[in-house]
Amino acid sequence: MSQVNQHDQHQQRQQALAPLSRRSSQEVPWDMLIIGGGITGAGIAREAARRGLAVLLIEQKDFAWGTSSRSSKMVHGGLRYIASGDYKTTLLSVRERERMLNEASGLVNEMHYVMPHYKGKFPPPWIFNTLLRVYDGLAGKRYSKYFKKDAFLNLNPGIKQEKFLGASQFSDAVTDDSRLVMRVLDEATHDGAHAINYLKAETLITNEQGLVVGASLVDTAAQNSAATYDVYAKVVVSATGAWADTLRMQASKQTEQSFHKQIRPSRGSHLVVSQERLPLTQAYTFLHPVDKRAVFVFPWENRTVLGTTDLDHPTLDDSEVGITNEEVDYLLAATNNLFDDANLNREDVISTWAGVRPLISEGGDGKRVSPSKEKRDHSVWLDNNLVTVSGGKLTTFRLIALDVLKVCQKVFKLDESATQDNASYSSQVFSNQPPTSPKFSTLTPLLQQRLQGFYGLQLDNLLELAHDDDFAHVTDSNTIWAEVRFAAHYEQVIHLDDLLLRRTRLGLILPHGAMTPLISDRLKQICQQELGWDEQKWQQEVGRYQALWQRYYHLPAA
């Protein structure tokens, strides 16, 4: 049982920061400094660490704080790329999807998708099913099938029936994106990498030749005066996604006026409603009745998610991103158009989230296509020894990491003895190596699979830390209290939103951001035990969290 003192969070933070004083000088530099703690940075850290490099990853906010906790949760092959003739991107994406399904079961899970077809509406069944046959061929598995009208309506009576022809079913995958980041980071740290959140790269350090050799970091979690650190590395990698242009401009020594920005921030927003209001067992993808964009609704964490929009986002700063009223109306209208009797309205919305995709813009402002038509490819740049990566998809994060390492070879030689084909997730198959804790055998098979996928090599630590009553689910969510305790104890939780919006998703799936009396009382107890928060600190964090949730994760003011 874990009973800790009032200084426990401070001690955890000092422990996390300790590697900075041990190895950051010009004489003993890191092999690689990675700036950015989303899925791209985590993937690079994982591939670099398995090659024996001394890796430091830093994130200015919390791990997965940006795009990687606010995606559409989909691990997909990119069906639309076939339609546009981009066969290669689809092939690579489908292979990565299959790899993740095999290696990270419980964290990445297959999900059926349905495309309803209506008379006179695009796409007609024969075109869509031709695409699906190619899609299945790339995966090497037959996932797709076609349902005739009556057979489908018997199973899905709530769908709009006027001019309905039938429906095509195919498969992709769904994940908890934030937990995926933590799992990949854990694999990296298991191989020797160090990852620290709330550490911002304020400025790049350059040598006499103008080459980037490190960065000056600021501890943004410091309570009083912010501590600073100069960190040196043989290669510096910027994996800051939609914020990538900022450091690139520094490295190129250009002004904002002369620097050609490559990143086009695009906002994608989502609504969460209860399964009771819109019960689904599979995802639906369909075209919005107004602008004919593809949108979807899908089951996730015992809730139903409506998404997504695709809009140019204003210039980014370090603040949160939220949904707009226009986007709320847009998503509700699309869903109510497909499901005749749903009648969803604003009162049904449990929570919202909005993320910013880092699209690589192909044209200047005057000749831009709509964000939905921009390619989802990633790009890697080398500017005075700063390696920058941006763009790409969640599904292909491993391939993006390998491309980054190829560019890093131009700065210093890497050990390529670790091959691309090695598994990304250690000890995922526990059939021959079950967790040593006897508590594991008392769990349901579904919970066993989920915890194995979410926590991998850390599962024994989670089970051993748990109190007897921690194996209960948090109300009707899939999350058990042991996960909350484990995150608070082991996963660098600095603020309450780290715990409720990213380490767990309770703030997205429970009413009022999980701040109801029964839930908050138990949360308070765990934070006191594992983080050493006193009453004042708890009230401080609750106030901060509720203001943030109300503004960015609920509905905007009407």
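This is a predicted model: local features need pLDDT of at least 70, side-chain atom pairs count only at pLDDT 80 or more; totals for chains, interfaces and linings use all residues.
Helices (H or I, at least four residues) and strands (E, at least two) are taken as DSSP runs and are numbered from the N terminus. By that convention, Thr-308 falls in the loop between S14 and strand S15 (311–312).

Pro-123 belongs to the loop between S4 and H5. As background, most peptide bonds are trans, and most residues other than glycine have a negative phi.

## Positive phi values

Lys-73 is not a glycine, yet its phi is positive, at about 65°. Lys-73 sits in the loop between strand S2 (55–58) and strand S3 (74–75). With a relative accessible area of 0%, Lys-73 is buried, because the cut-off for burial is under 20%.

Asn-385, likewise a residue other than glycine, has a positive phi near 75°. Its loop connects strand S17 (378–383) and strand S18 (386–391). Asn-385 has a relative accessible area of 22% and is therefore partly exposed.

Val-94 is part of helix H4 and is buried, at 1% relative accessible area. Apart from neighbours within four places in sequence, Val-94 makes contact with Gly-77, Tyr-135, Leu-138 and Ala-139. The C-alpha atoms of Val-94 and Val-75 are separated by 9.1 Å, and the two residues are 19 residues apart along the chain.

Arg-97 pairs with Asp-172 in a salt bridge whose closest N and O atoms are 2.7 Å apart. This pair links distant parts of the chain, with Arg-97 in helix H4 (residues 87–103) and Asp-172 in strand S6 (residues 164–175), 75 residues apart. Arg-97 counts as buried at 1% relative accessibility, and Asp-172 is buried at a relative accessible area of 5%. In general terms, side chains of opposite charge can pair when their charged atoms come close.

Helix H11 (residues 445–455) is mostly covered, eight of its 11 residues being buried. The buried residues are Leu-447, Gln-448, Arg-450, Leu-451, Gln-452, Gly-453, Phe-454 and Tyr-455. Their cover includes helix H7 (177–190), helix H12 (459–465) and helix H13 (481–490).

Arg-450 forms a salt bridge with Glu-301, with 3.2 Å between the closest N and O atoms. The two residues are 149 residues apart and connect distant parts of the chain: Arg-450 is in helix H11, whereas Glu-301 is in the loop between strand S13 (294–300) and strand S14 (303–307). Glu-301 counts as buried at 11% relative accessibility, and Arg-450 is buried with a relative accessible area of 11%.

## Salt-bridge network

The whole structure contains 39 salt bridges. One of them joins Asp-497 to Arg-502, with the closest N and O atoms 2.7 Å apart. Asp-497 is buried at a relative accessible area of 2%, and Arg-502 counts as buried at 0% relative accessibility.

Asp-497 and Arg-502 also belong to a network of salt bridges that links them with Asp-62, Asp-498, Arg-503 and Arg-544.

## Positive surface patch

On the surface, a patch of positive charge gathers Lys-119, Lys-121, Lys-163 and Lys-292. Lys-121 is placed in the loop between strand S4 (108–118) and helix H5 (125–139).

Definitions and conventions. Residues are numbered from 1 along each chain as its sequence is written. Side-chain values use heavy atoms; hydrogens and water are left out. Patches are made of residues with over 30% relative accessible area and no salt bridge: like charges are joined within 9 Å, nonpolar side chains (Val, Leu, Ile, Met, Phe, Trp, Tyr) within 5 Å. Accessible areas come from the Shrake-Rupley method with a 1.4 Å probe; for residues, only the protein chains shown count as cover. A salt bridge is a side-chain nitrogen of Lys or Arg within 4 Å of a carboxyl oxygen of Asp or Glu. Lys and Arg count as positive and Asp and Glu as negative; His and the chain ends are not counted. The place of a charge is taken as NZ of Lys, CZ of Arg, CG of Asp or CD of Glu. Buried means under 20% relative accessible area, exposed over 50%, partly exposed in between (1.4 Å probe, protein chains only). Contact means heavy atoms within 4.5 Å.
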